[in-house]
Amino acid sequence: MSHDHDHTVLPSDLELRVKALESLLLEKGLVKRDALDAIIETYEHQVGPKNGAHVVAKAWSDLSFKQALFEDATATVAELGYFGRQGEHLTVVENTPDIHNLVVCTLCSCYPWTLLGLPPVWYKSAPYRARAVSEPRKVLSEFGTSVAEHTDIRVWDSTSEMRYLVLPERPPGTENLSESQLQGLVTRNSMIGVEMARPGNEGAK
Amino acid sequence: MNGGHDLGGRQGFGPVNAEPECEEPLFHSEWERRIFALTLATGMLGQWNIDESRHARECQHPTDYLKHSYYENWLEGLEKLLKEKDLVAQIEQHAECFRVPDAADARKILSTGNPTLLPDSRPPSFRSGDRIRVLRRQQAGHTRVPTYIQGANGVVVDHYGTHVYPDQNAKGQRAGEHLYCLRFEGHDLWGSKSCSQSVYVDLWEPYLEPTS
């Protein structure tokens, strides 16, 4: 980040190590510069949580699409153009007043890239990976999310190549919002399950 | 192996301290952006698979794994794989064996992914509703059965078909095993206070045994 980066200091060991590695790989022809650019461009500009928000808002608006998602999420989102690396196999799990779903990868950082892009730092951190499975209510409370005592919390540990997306509850009072307005309510965190979707009065912006 | 990466249920890590969603950049410094792209691009050479890549990161000393930031672990893993596979020497001596992706190839590979579903070679041993126990397995190689559910009893909730088996795949042998989604009750895993919470874990058939 530019605001806390002082350009007068020497580059860190990590910067130097990565730079040396990149120079070596380019020089030996093991990678091509335009391929590196294409990879970065894909995840900075093409693939991100707006894809998942599209899927969620469509599921809120279209019952037959929602049913298709539960039957075969991989094929259903592929029809919208969302398929690829770290999204080869997909399951969508629905939050209801009785069930709250939460996604984690305790062993590494598995995450539905095709719908959410690259995971945030906290998702890959030791505290989240350690605690999401054992004390999900406490973890949720650290995100400001409280779940009723009787609600069944289901934590999905992504140990295989199956990727999980949470379908958050549609906020009340949103019956008159269009699909594109609904998309504005669907946050990345709500699709991981650590937060709820935004309240309906924030949709029409 | 149950190295520093096998974190489920471990204590003492403190709060999550998430950056607010609207404020978090995709990468926190330029070197993270570069090692991300380098890892994906070199992976596209087809010299190793995703489980070998995961195993390379896990093999670090647990202290190092936990001390490093996420992308530092990627850097460690990539350096290890490049050395193990001796790729610099390989491309110098056998350039004809390498197809190095350009931008169009890279985009195509990202959009195609690498599905792991394989044809069934035998029928599954379990079906939805079956009660199973997770075997205790202390083995040195790569595996995707977390320590915290080993020995636990669970119920099969779904059968995902035959998928590439990570324990073999990490040794470069692409073989399939039946993959199941299992439900474990929180109070069985963590004690009686952990009511109305459960954990769903995807596990391959060799990790499981039936219970009566």
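## Chain A at a glance

Keep in mind that this is a predicted model. Let's start with the overall dimensions: along its principal axes, the C-alpha atoms of chain A fill a box of roughly 55 × 35 × 35 Å. Chain A has 205 residues, and 52% of them are buried.

Chain A is built from 10 helices and 4 strands. If you follow the sequence, the pattern reads α-α-α-α-α-β-β-α-α-α-β-β-α-α.

## How chain A divides up

Chain A splits into two pieces, with domain 1 covering residues 12-45 and domain 2 covering residues 48-202. Between the C-alpha centres of domain 1 of chain A and domain 2 of chain A there are 31 Å.

Which strand of chain A pairs with β3(A) over 6 bridges? That's strand β2 of chain A, residues 99-104, and the pairing is in the parallel sense. To spot this pairing, look for A:His100, whose bridge partner in β3(A) is A:Ile153.

β3(A) also pairs with a strand from chain B, namely strand β5 (residues 197-204), in the parallel sense over 5 bridges. Here you can look for A:Trp156, which has B:Tyr200 as its bridge partner in β5(B). Put together, β3(A) pairs with β2 of chain A and with β5 of chain B.

## The domains of chain B

Chain B is divided too: domain 1 takes in residues 21-114, and domain 2 takes in 118-210. That places the strand β5(B), at residues 197-204, within the range given for domain 2 of chain B. Taken over C-alpha atoms, the centres of domain 1 of chain B and domain 2 of chain B are separated by 27 Å.

How many residues does each domain of chain B bring to the contact? Domain 1 of chain B gives 6 residues, and domain 2 of chain B gives 5. What kinds of residues make up the side of domain 1 of chain B that touches domain 2 of chain B? There are 4 charged and 2 polar residues on that side, with no nonpolar ones.

Key: Residues numbered from 1 in each chain as written. Chains lettered and ligands numbered in written order. Predicted model: local features only at pLDDT ≥ 70, side-chain atom pairs only at ≥ 80, totals over all residues. Domains from an automatic or database assignment. Contact = placed C-beta atoms within 7 Å. Nonpolar A, V, L, I, M, F, W, Y, C, P; charged D, E, K, R; others polar. Helix = DSSP H or I, 4+ residues; strand = E, 2+ residues; numbered from the N terminus. Buried ≥ 20, exposed ≤ 12 C-beta atoms within 10 Å, placed from the backbone. Pairing = 2+ DSSP bridges.
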